[in-house]
Amino acid sequence: MSAVESLSAVEFYRHSVTESDIQEVTAVLRSVFLTTGPKSAAFEKAFAEYLGVEDVVSVSSCTSALFLSLAALDITAGDEVITTPLTFIATSNAVLHAGATPVFVDVEPDTGNIDVALVKGAINERTKAVIPVHLYGLMADVRTLAETCADAGIDMIEDAAHAAEPIRDGFRPGQKGTAACFSFYATKNLTCGEGGAIATNRRELGERLRRLRQHGMSKGAAERYTSRYQHWDMVELGYKANLSDINAALLVGQLPRLEAQLARREAIARRYEEAFAAIDGISYPIVPAGMRSARHLFTIWVPPQHRDTSLSMLQDKGIGVAVNYRAVHLLSYYRERFGFEPGSFPNAERIGASTITLPLYPSMTEQQVETVIKAVGEVAATW
Ligand SMILES: Cc1ncc(COP(=O)(O)O)c(C=O)c1O
């Protein structure tokens, strides 16, 4: 057994799936209908109500949600999409898969979110959309961005992979953007292993997204097979990115627990903030007063020259860690294809070089939280 396995004091993440969630899944498995059907529809309705939006379309991942949103807005070769380099590669990769070009702008130094003041200057006649990422669960400034987008006649697609729960200026993801894309990946606050959704207030966009997630077919499987057989048509060239009822069943029961879990996440995050404010050399992204973050990830910023050794030392102490994220434009593919060099987006690069994500999930015990704090303090003492 390696040191990491034997000392696993605090895992990076543990999901909150309960026995009743598992029973929801087994009920689907005992039924006839396993693919996109009544459970997916029930989840879509419940999630739309939770977010306060007109429509939700469930899909196979946030990556496919982003891609389908771009496709549904006819964003393609020759178009530009403005986004942040401080994100998971899925955000800008979706733009590339659509055939368009991602145009990065730098992030705010204190939150890591896209600096909306820089967006206007990056808009030109080729720009078709902006994708803000609600990093770590804190919404980007969607009110200002929506105004900028309206002035320029372009769309906002929110990358809300970290952000089912937040509220900013009274708005939730999906309410200001043309579409908001969610992830139900294994470590997300709301998870079914792999899955995603798109929220929108535009009914006709929701209808197109439903077609695009299923080959451009005029009828989904539920319509085709749950009553008498009906012919279907293919009305446009679509993709295969629907969510199965097996996955949706896991989400239905978790949704009502999100608010209580957020309270626990908030309490842990505040304890971390209090403890780390007292340690020299450590800072962390702020959650400005009055804003509700999903508290999806808690990251600390440490001196860049000590980041990688600190990651290693924390793991030796049995603390699960991650890095969210090293700046996308400095990854090999982006450097080689677009010629980015260090210095292009200094805030994103600085955060990317200094960030360490710590465990944060509702089932963490007080003792585990204190174990993480102690381990970080011991590591910081060696700098
Ligand atoms: C910011 C961000 N966007 C997009 C994604 C892609 O989500 P998925 O894995 O559901 O495709 C992730 C996944 O971690 C993410 O963190």
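Predicted model: local features only at pLDDT ≥ 70, side-chain atom pairs only at ≥ 80, totals over all residues.

Author: Residues are numbered from 1 along each chain as its sequence is written, and side-chain values use heavy atoms, with hydrogens and water left out.

Take helix α4, residues 62-72. Helices here are DSSP runs of H or I, at least four residues, and strands are runs of E, at least two, numbered from the N terminus. Of its 11 residues, 10 are buried, so α4 is largely enclosed by the rest of the structure. Buried means under 20% relative accessible area with a 1.4 Å probe, protein chains only. The buried set includes Cys62, Phe67 and Leu70. At the start of α4, a side-chain oxygen of Ser61 comes within 3.3 Å of the backbone nitrogen of Thr63. Just after the helix, Asp74 has a positive phi of about 60 degrees.

Now the pocket. A pocket is an open set of points on a 1 Å grid over the protein atoms alone, where a 1.4 Å probe fits, with protein on both sides within 12 Å along at least five of seven lines; lining residues have an atom within 4 Å of a point. The largest pocket has a volume of about 440 Å³, taken as the space filled by probe spheres set on the points, which are joined across faces, edges and corners. Its lining has 25 residues, and Phe88, Ser183, Tyr185, Lys188 and Tyr325 are the closest to the centre. α4 gives the largest share of that lining, 3 residues. Helix α5 (90-97) also supplies at least two.

Next, the cores. A nonpolar core joins buried Ala, Val, Leu, Ile, Met, Phe, Trp, Tyr and Cys residues through side-chain atoms within 4.5 Å. Of the 29 residues in the largest core, Tyr272, Phe276, Phe298, Ile300, Leu314 and Leu358 touch the most other members. Helix α15 (366-380) is among the elements that each supply at least two residues. The largest share, 7 residues, comes from α15. A second, separate core of 28 residues includes Cys62, Phe67, Val81 and Ala94. Cys62 and Phe67 bring us back to α4, where both are buried.

Notes:
Buried < 20%, exposed > 50% of the residue type's maximum accessible area, 1.4 Å probe, protein only. Polar contact = N/O pair within 3.5 Å; in protein donor to acceptor, adjacent residues only side chain to side chain.
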